[in-house]
Amino acid sequence: MLFGRDYVLLAFLRPDLAGRWHWPMEAPLVARLRSWPLLGKFPDGLNTAALALLGVVTWQLGHAALLDPLSAAIAGSRDCLVDQSRSMIGGALVGACSPFLISVP
């Protein structure tokens, strides 16, 4: 579950939520909400609020984590590497060598 992220979690939760608890999953719930006059725009507002929350949290985490050019370089190089294990090993090596690369005052 650690490497599969949300999709693996959904695969575990779906049989329990839909099968045992009879929760409507995905499209039927949204279609039912859109048919009600009072709640028709609720899914759109929920999506907008979720995107705004993701944007604010990303901004705050980036502002707190990217303190110097070295941390920005590590974060930027992470997107260039496809394999996650190489990305973690490369970040660890750059972090370990950082005292020799850049002298921090």
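Predicted model: local features only at pLDDT ≥ 70, side-chain atom pairs only at ≥ 80, totals over all residues.
Start with the elements. The protein has 5 helices and 0 strands. Read from the N terminus, the order is α-α-α-α-α.

Next, consider burial. The protein has 105 residues, and buried ones make up 7% of them. The exposed surface comes to about 9,100 Å². Carbon and sulfur atoms supply 72% of that area. Contacts in sequence terms come next. Take the contacts between residues at least 6 apart in sequence: 19% of these join residues at least 24 apart.

Now go to helix α3, which spans residues 42-65. V57 lies in this helix. Is V57 buried, partly exposed or exposed? Its relative accessibility is 37%, so V57 counts as partly exposed.

Then move on to the loop between α3 and α4, where L66 is found. Helix α4 covers residues 69-80. L66 has a relative accessibility of 42%, and therefore it too counts as partly exposed. Which residues does L66 touch, leaving aside those up to four places away in sequence? The partners are S71, A72 and A75.

Methods
Residues numbered from 1 in each chain as written. Heavy atoms only, no water. Helix = DSSP H or I, 4+ residues; strand = E, 2+ residues; numbered from the N terminus. Buried < 20%, exposed > 50% of the residue type's maximum accessible area, 1.4 Å probe, protein only. Contact = heavy atoms within 4.5 Å. Areas by Shrake-Rupley, 256 points an atom, 1.4 Å probe, with all protein chains shown as cover.
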